[in-house]
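Please open the model in a viewer and keep a selection tool at hand.

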Amino acid sequence: MNALAKRIKAKRRGSVFTPKDFADLGMGRSALDKALARLAQRGEIRRLAHGIYDKPRTSPTLGPLSPAPDDIATAIARRDGHVIGPTPARAANALGLTTQMPAKPTYLTDGTTRTLKIGGRDVAFRRAARRNLVGGSTPVGQVVQALRYLGRDGVDQDALDALRTRVPAAQRRRLRDVAKDVPAWMAPALESLAAADPAT
């Protein structure tokens with residue numbers, strides 16, 4: 001089995017990738033494209049769009065499933081060298097702070113505003129200033145965007161308690177590292193979340 005096939009075999013089901021993810025194999029772009037096309041023809045991977053593939057998850061009843069929007073967006077960001085992060089509403093929904101969920105998966109980016117159709121999904125990117133992408137697509141970035149969604153007046157003790165129960169302590173401790181990079185009103189909330197949990 002060649003290096004590319006081994007690398008793909010080791011990936012989890014649902015992984016989304018582009019040729020750039022295998023640049024370290026030293027195959028050359030043309031050879032890499034042909035090798036990925038052969039793997040797609042054999043059904044080992046699936047071509048979602050030009051230069052974007054996945055190792056599809058499958059359902060016994062539905063067959064191959066669409067990849068998760070987050071996996072698509074992250075692969076595109078890696079390919080293009082961009083920083084991305086969830087929109088405030090998407091982050092707040094993921095952390096259980098709101099039931100509001102945008103109909104179309106949308107991500108903030110330091111790249112261009114655009115909508116791509118990948119694997120049957122519309123994935124939208126909305127340009128944002130780098131100062132509004134603190135933490136990017138990491139759990140830290142998700143908390144920052146969730147607080148941005150709540151706003152200065154919405155970050156109360158109930159919201160902090162909810163985040164403390166939903167974000168693991170190891171991730172919350174990292175919030176202190178970005179406190180200096182967020183708006184002044186948000187920094188105390190990050191410091192509070194990063195602090196050791198009160199004794200129970």
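**Conventions**

This is a predicted model, in which local features need pLDDT of at least 70 and side-chain atom pairs count only at pLDDT 80 or more, while totals for chains, interfaces and linings use all residues. Residues are numbered from 1 along each chain as its sequence is written, and side-chain values use heavy atoms, with hydrogens and water left out. Helices (H or I, at least four residues) and strands (E, at least two) are DSSP runs, numbered from the N terminus.

**Stop 1: a salt bridge**

Select R7 and D24. These two residues form a salt bridge, and their closest N and O atoms are 2.7 Å apart. The term denotes a side-chain nitrogen of Lys or Arg within 4 Å of a carboxyl oxygen of Asp or Glu. The pair connects distant parts of the chain, 17 residues apart: R7 belongs to helix 1 (residues 3-9), and D24 to the loop between strand 1 and helix 2 (29-41). The structure holds 14 salt bridges.

**Stop 2**

Three strands form an open sheet here, in the order 1-3-2 and with antiparallel pairing. Strand 1 (16-17) and strand 2 (46-49) are the edge strands, each with a single partner, so one side of each has no neighbour in the sheet. Two strands count as paired if DSSP finds at least two bridges between them; strand 2 and strand 3 (residues 52-54) have three bridges and pair in the antiparallel sense. Across this pairing, R47 lies opposite Y53 in strand 3.

**Stop 3**

Move to the open sheet whose four strands have the order 6-7-9-8, with mixed pairing. Strand 6 (84-86) and strand 8 are at its edges with a single partner strand each, so one side of each is left without a neighbour in the sheet. From one strand to the next, the twist averages 30°.

Strand 8 (residues 114-118) and strand 9 (residues 121-127) run antiparallel and are joined by five bridges. K117 stands opposite D122 in strand 9, and I118 stands opposite R121 in strand 9. Two residues lie between the strands of this hairpin, where G119 takes a positive phi near 55°.

**Stop 4**

Two packed helices are described by the angle between their axes and the distance between the axes. Axes are lines fitted to C-alpha atoms, for helices over the stretch in contact, and angles run from 0 to 180 degrees between N-to-C directions.

Select helix 6 (residues 157-166) and helix 8 (residues 187-194), which pack at an angle of about 45° with axes 10 Å apart. Helix 6 is therefore oblique to helix 8. Angles under 35 degrees count as roughly parallel, over 145 as roughly antiparallel, 65 to 115 as roughly perpendicular and the rest as oblique. L160, L163 and R164 of helix 6 meet A189, S192 and L193 of helix 8, contact meaning heavy atoms within 4.5 Å.

V143, V144 and L147 of helix 5 make the contact with A189, L190 and L193 of helix 8.
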